[in-house]
Amino acid sequence: MVNVVASVGRNGVHDFILLRASAIILALYTLLLAGFFVVTPTVTFEQWQGFFACTSVKVATIVALLALLTHAKIGVWQVLSDYVKPAFLRGALQFVFSVILLAYLVFGFLTVWGV
């Protein structure tokens with residue numbers, strides 16, 4: 001007898017790899033920011049703005065934002081699937097969190113490229 005597990009686009013190995021990769025990206029971004037503070041003894045608004053005006057920092061920030069949102073999306077899905085048993089409520093909460101994460105992405109992108 002063959003056991004078939006139905007999934008709706010969820011793959012445990014894929015999620016595992018995405019979580020680890022996003023954690024590494026966030027750690028590297030944290031080191032980038034920490035490095036800025038280490039080499040800049042007194043941070044002024046102009047220095048901070050100049051740092052984020054650099055295209056490579058903008059790209060790194062967008063990549064870190066995408067990593068954070070990916071990490072959050074998988075984490076929310078795992079928590080909701082473990083603790084919220086009614087399917088309708090779980091689906092509604094996942095939808096609400098997905099909309100919030102999409103809003104974070106849009107506002108984050110506008111903020112980073114607006115500098």
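**Exercise 1. Find the residues that Ala-67 touches, leaving out residues up to four places away in sequence, and say whether Ala-67 is buried or exposed.**

Step 1. Look around Ala-67: beyond residues up to four places away in sequence, Ala-67 touches Ser-22, Ile-25 and Leu-26. Keep in mind that you're working with a predicted model here.

Step 2. Now place Ala-67 on the chain: this residue is found in helix α3.

Step 3. Check the accessibility. Ala-67 has a relative accessibility of 6%, and buried means under 20%, so Ala-67 counts as buried.

Step 4. Ala-67 and Leu-18 are 49 residues apart in sequence, yet their C-alpha atoms are 8.4 Å apart in space.

**Exercise 2. Now go to Ile-25: which helix is Ile-25 found in, and what does Ile-25 touch?**

Step 1. Ile-25 is found in helix α1.

Step 2. Not counting residues up to four places away in sequence, Ile-25 touches Val-63, Ala-64 and Ala-67.

Step 3. With a relative accessible area of 30%, Ile-25 is partly exposed. That label goes to values between the 20% and 50% cut-offs.

Step 4. For a distance, take Leu-65, which is 40 residues away from Ile-25 along the chain; the two C-alpha atoms are separated by 9.6 Å.

**Exercise 3. List the residues of the largest nonpolar core, then find the elements that give two or more residues to this core.**

Step 1. The largest nonpolar core has 6 residues: Tyr-29, Phe-36, Phe-51, Phe-52, Val-57 and Ala-64.

Step 2. Two or more residues of this core come from each of α1 (12–39), α2 (45–53) and α3 (55–83).

**Exercise 4. Work out how the rings of Phe-36 and Phe-51 are arranged, and which helices the pair ties together.**

Step 1. Start with the count, which comes to 8 aromatic pairs.

Step 2. For Phe-36 and Phe-51, the ring centres are 4.2 Å apart and the planes are at 25°. Planes under 30 degrees apart count as stacked, so this pair is stacked.

Step 3. Phe-36 lies in helix α1 and Phe-51 in helix α2, so the pair ties together parts that are 15 residues apart in sequence.

Step 4. Check burial as well: Phe-36 counts as buried at 9% relative accessibility, and Phe-51 is buried with a relative accessible area of 13%.

Step 5. Compare with the rings of Phe-51 and Phe-52. Their centres are 5.3 Å apart and their planes are at 85°, so that pair is edge-to-face. Phe-52 is buried, and so is Phe-51.

**Exercise 5. Find where Thr-40 sits and which backbone oxygen lies 2.8 Å from a polar atom of its side chain.**

Step 1. You'll find Thr-40 in the loop between α1 and α2.

Step 2. The backbone oxygen belongs to Phe-36, and it lies 2.8 Å from a polar atom of the Thr-40 side chain.

Step 3. Thr-40 is buried, with a relative accessible area of 10%.

Step 4. Back at Phe-36, skip the neighbours within four places in sequence: Phe-36 is then in contact with Val-43, Gln-47, Trp-48 and Phe-51.

**Exercise 6. Which residues does the UniProt annotation "transmembrane region" cover, and what is the helix content over residues 17–39?**

Step 1. According to the unreviewed UniProt entry, the annotation covers residues 17–39, 51–72 and 92–113.

Step 2. Over residues 17–39 the chain is 100% helix and 0% strand, with the end C-alpha atoms 33 Å apart.

Technical notes: Residues are numbered from 1 along each chain as its sequence is written. This is a predicted model: local features need pLDDT of at least 70, side-chain atom pairs count only at pLDDT 80 or more; totals for chains, interfaces and linings use all residues. Side-chain values use heavy atoms; hydrogens and water are left out. UniProt positions are given in the numbering used here, feature names are shortened, and annotations may be inferred rather than shown by experiment. Helices (H or I, at least four residues) and strands (E, at least two) are DSSP runs, numbered from the N terminus. A nonpolar core is a set of buried Ala, Val, Leu, Ile, Met, Phe, Trp, Tyr and Cys residues joined through side-chain atoms within 4.5 Å. Buried means under 20% relative accessible area, exposed over 50%, partly exposed in between (1.4 Å probe, protein chains only). Contact means heavy atoms within 4.5 Å. A polar contact is a pair of N or O atoms within 3.5 Å; within protein, one must be able to donate a hydrogen and the other to accept it, and residues adjacent in sequence count only if both atoms are side-chain atoms. Rings of Phe, Tyr and Trp (its six-membered ring) pair if their centres lie within 6.5 Å; planes under 30 degrees apart count as stacked, over 60 as edge-to-face and the rest as tilted.
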